[in-house]
Amino acid sequence: MAVILENKKIASGIFMMKVQGVSDCGKEGQFFMLSVNSPLSTDPLLKRPISIYDSEGDTVTFVYRVVGRGTEILANMKEGDTLDLLGPLGNGFTLYDEDVIIIGGGIGIAPLYKLAREHALKFPDKKRTVYLGFTDETFLLGEFSALSNTEVVYDVGGFVTDKVDFSKGTLVYTCGPEPMMRAVHKLSPIKTIVSTESRMACGVGACLGCTIKTINGNRRVCKDGPVFLGDEVFYE
Amino acid sequence: MSNVLETKIMGVTLKNPVIAASGTFGFGEEYSEYTDVSRLGGISGKGLTLNGSKGNDGIRIYESASGLMNSIGLENPGVEVFVKEKCAVMRKMNTAIIANLGGHSLEDYISGVEMLDSADIDILELNISCPNVKKGGMSFGTDPKFAGELVARLRKLTTKPLLVKLTPNAPDIVAVAKACEDNGADGVSLINTLLGMAIDVKRKKAVFNNVYAGFSGPAVMPVALRMVHQVAHSVKIPVVGMGGITSTEDALAFMMAGASAIQVGTATFYDPDAMVKIIQGLEDYAIENKLNNISEIVGIV
């Protein structure tokens, strides 16, 4: 059980929730399954997979978009409420000692912050070029811009992929809507790492509800992913 | 530890009557990190088909009020991989191993049973009830005549305890259960998922590529409990009850309705410790009520 320290709206339909009391706060690209029902209630039944926006020590911060009943309930939780969560889950990103290009779209931006921050900590001399695409309203721009040696380019309402200069780095990380990631992978002349999303029941690899097709056969987003090579996922 | 929960069914002794339901627990490995699998009475592994399957395309999981629909489509590595790799891993978990076998044809079932007969498993659960595969699957389980013939044929091929998993989608589940009993089944387990449906009204389309999907979770429990009660009062072989069990109270209800053991599935998804909590709860109940063994409540309603 974790305790909610803060749960605030940061843009239209986008919330930031910070919780404390997590025994393992996880690494960049991992996620937690968050309970959205009250104890002894079975509705909504399943926990919701939400990626780590940032984490340190025993605190984890999630940035999430309200898309349905579960996230609506999350958004209504208050400071001091307890939250039952399972995780950290999934493989997460691997950090490389290279200049990197980070491309996020919509709520897919959330897990890229810890990635960029940890990369900046581990490889301060390397350059990070971050491209963020928004539908109508920006969020988290200040957070990304505050990172050292990090350039932030953004787009509202168009295709952020049109703005990407692939000569800025030697490796691409991307997370966002599937068509965007597919476009990034198609345009990218360099190694591209994608973070995928799927409906999940268990989050630990047992139910096979989140399976996606890859060049290496079926893979579970929750356990084998959510991070895959672009070549593995977008092979068709 | 006390023996108050020790459960003898079909010639097999289980530590307790709580079993992980097929398709919800992998082969035990995934959950061993999140719960003490050695506490369980048994694990029914992911449903196997002879040559394995990649499962269904499209959305596979969809939530409803206190329920869950799935259209996994029996994604599994096949009987051979199970026998050669998974069995040994499961054996180390110190719990009873139940292999769950489905099939698309009589020939598939025959080959599968032959391979599993020599495998290191404790119980063979025959799935004649999967609603999510187009060929075979559930069709063997809806007609008492087909079910009886299948069980008779497979009974001759194995000395393993044969537990037949029944579908609630049969017009007369009691008749199917009796046909299984008459043809040599050692026990029946029920219910597999009900057939459900979801529609994405924005897209004006069914959510699942197969249109219909298997419906489970707390929402189905009253139906499952009624069917377990009907079947348990009609056959002499043990009944393993399941369908929406999430708590000790639910487990007790199924046992009182006539289930000698129970399986837990969907509940594990939102609480990996659900079964361990139920086991503890059953033990507390048995002690509080001064039972020598939990089996004393089986079928009292």
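Modeller: In chain A, of the contacts (heavy atoms within 4.5 Å) between residues at least 6 apart in sequence, 60% join residues at least 24 apart. This is a predicted model, in which local features need pLDDT of at least 70 and side-chain atom pairs count only at pLDDT 80 or more, while totals for chains, interfaces and linings use all residues. Residues are numbered from 1 along each chain as its sequence is written, chains are lettered from A and ligands numbered from 1 in the order in which they are written, and side-chain values use heavy atoms, with hydrogens and water left out.

Biologist: And what is the corresponding share in chain B, for contacts between residues at least 6 apart?

Modeller: In chain B, 70% of those contacts join residues at least 24 apart.

Biologist: How many helices and strands does chain A have?

Modeller: Chain A has five helices and 16 strands, where helices (H or I, at least four residues) and strands (E, at least two) are DSSP runs numbered from the N terminus. Chain B has ten helices and 16 strands. The radius of gyration of chain B is 18 Å, close to the 19 Å that the globule rule gives for 301 residues, so chain B is as compact as a globular protein of that length; the radius is taken over C-alpha atoms, and the rule is 2.2 Å times the number of residues to the power 0.38.

Biologist: What about the radius of gyration of chain A?

Modeller: For chain A the value is 17 Å, which agrees with the radius near 18 Å that a compact globule of 236 residues would have. Its C-alpha atoms fill a box of roughly 55 × 40 × 35 Å along the principal axes, and for chain B the box is roughly 55 × 45 × 40 Å.

Biologist: How much of each chain is buried?

Modeller: Buried means under 20% relative accessible area, exposed over 50%, and partly exposed in between (1.4 Å probe, protein chains only). On that scale 57% of the 236 residues of chain A count as buried, and for the 301 residues of chain B the share is 61%.

Biologist: Switching to the interface, which residues of chain A lose the most area to chain B?

Modeller: The area buried between the two chains, meaning the accessible area (1.4 Å probe) that two parts lose on being put together, summed over both, is about 2300 Å², and carbon and sulfur atoms give 58% of it. On the chain A side, A:L45, A:R199 and A:L208 lose the most, together 26% of what that side buries. The contact takes 25 residues from chain A and 29 residues from chain B.
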